[in-house]
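I opened this notebook to record what I looked up in the model, entry by entry. The sequence and structure are placed here for reference.

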Amino acid sequence: MALDPMENDDAIRKEMGELSSHLPPKQPDLPPPGYFESLPEKVTQRWKAEEGRIHLRRVLIRRWMAIAAICLGVMVAGWWLFSRPDVSTFTPALTLSSSEAYQYVMDNISDFDGLMEQQVQWPTEEKIIVPDSAAAEEFLLEELQGHEIEQMF
Amino acid sequence: MTDEAILQLARRPQTREEGFRQLVLAYQHRLYQVIRRQLPSHEDADDVLQNTFLKVFRHLDGFEGRSELYTWMYRIAQNEVFNFIKRNTRMKMVALENQVEKREEPHLNPDELVRYLEMAVNDLPERQRMVFRMRYYDELSYKQMAEILKLTEGALKASFHHAVKKIEEELKSKQWL
């Protein structure tokens, strides 16, 4: 319930009268004539204008949020599509020529230090010893031990 | 129109505007006096009063009725005055300079007694000054003051009585009474 200003004013005047009769009476500050008649309209108009601005701001914020959400969705989908380890990501490597590959290795030779230090077991070719005819004859004579070759069969 | 009726109107979207209009009609005079007394010009007071009502409109849905509606609005008005003065510190300094000039005036006439009263009020201890202003100028009841200052009504009455006596002595000692 709103306090009745007149009632309260009387109470204060009475209280002041009991306490001191010497204090000067209050002098209310008066606004220009007609001020209080126009104020309610002025304030409600300002409030309506402010509400309109707030509403517009909310709409704009919602739109920006929707756009941001779409962009984020597109970015996530793109990342998901292109981050899969399929052949498409290796395609550029397949198009390298041998000279380009050689050039790349030479340009980045320090990257291959680790490989160079590894003990690589290269496959060794088995030597095939082909005996000459004199050595073959000598070997056969030792094996025959004085027997004729025809006697062996 | 009662506070309850105003609140009911202001809280329904269909009647909100009318509720706000009634709220301004009910409290514009009292709040204007509260604000105007603390600011040097009507234009400043008008600006602060309009901002006070706009803030009240914006937060009215959050008003839970734990204190009287006027007490709640009074607090908002005081905050707005404080913020206004903070924003306009230069203006505050000019006001203080004017006050010093007024203090140096040697002559006395009945109209100026009110100004000397304000000077005497400014010389009071902070609590008594606050209580005197709330009671004498802003016409708050002891119950409302107790809600704002978180003090008992008895303590407030005592402070107010001490303040009145001190002011009277001050005015008498300077032969302004």
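The entries below go from conventions and confidence to single elements and then to the contact between the chains.

**Conventions.** I worked with a predicted model, in which local features need pLDDT of at least 70 and side-chain atom pairs count only at pLDDT 80 or more, while totals for chains, interfaces and linings use all residues. Residues are numbered from 1 along each chain as its sequence is written, and chains are lettered from A and ligands numbered from 1 in the order in which they are written.

**Confidence.** I noted an ipTM of 0.71 and a pTM of 0.61 for the model. Two residues are in contact if their C-beta atoms, placed from the backbone, lie within 7 Å.

**Chain A.** I counted six helices and zero strands in chain A; helices (H or I, at least four residues) and strands (E, at least two) are DSSP runs, numbered from the N terminus. Of its 153 residues, 3% count as buried, a term that requires 20 or more other C-beta atoms within 10 Å of the residue's own, with C-beta atoms placed from the backbone. I then examined helix 6 (residues 133-144) of chain A, where zero of the 12 residues are buried, so this helix lies largely in the open. Just after helix 6 of chain A, Q145(A) takes a positive phi of about 50°.

**Helices 8 and 9 of chain B.** I looked up how helix 8 (residues 142-149) of chain B packs on helix 9 of chain B: the angle is about 105° and the axes are 9 Å apart. Axes are lines fitted to C-alpha atoms, for helices over the stretch in contact, and angles run from 0 to 180 degrees between N-to-C directions. Helix 8 of chain B is therefore roughly perpendicular to helix 9 of chain B (65 to 115 degrees). Helix 8 of chain B contributes Y142(B), K143(B), M145(B) and A146(B), and helix 9 of chain B contributes E153(B), L156(B) and K157(B).

**Contact between the chains.** I found 34 residues from chain B and 27 residues from chain A in the contact. On the side of chain B that touches chain A, helix 2 of chain B gives the largest share, 12 residues.

Note on methods:
Parallel < 35°, antiparallel > 145°, perpendicular 65-115°, else oblique.
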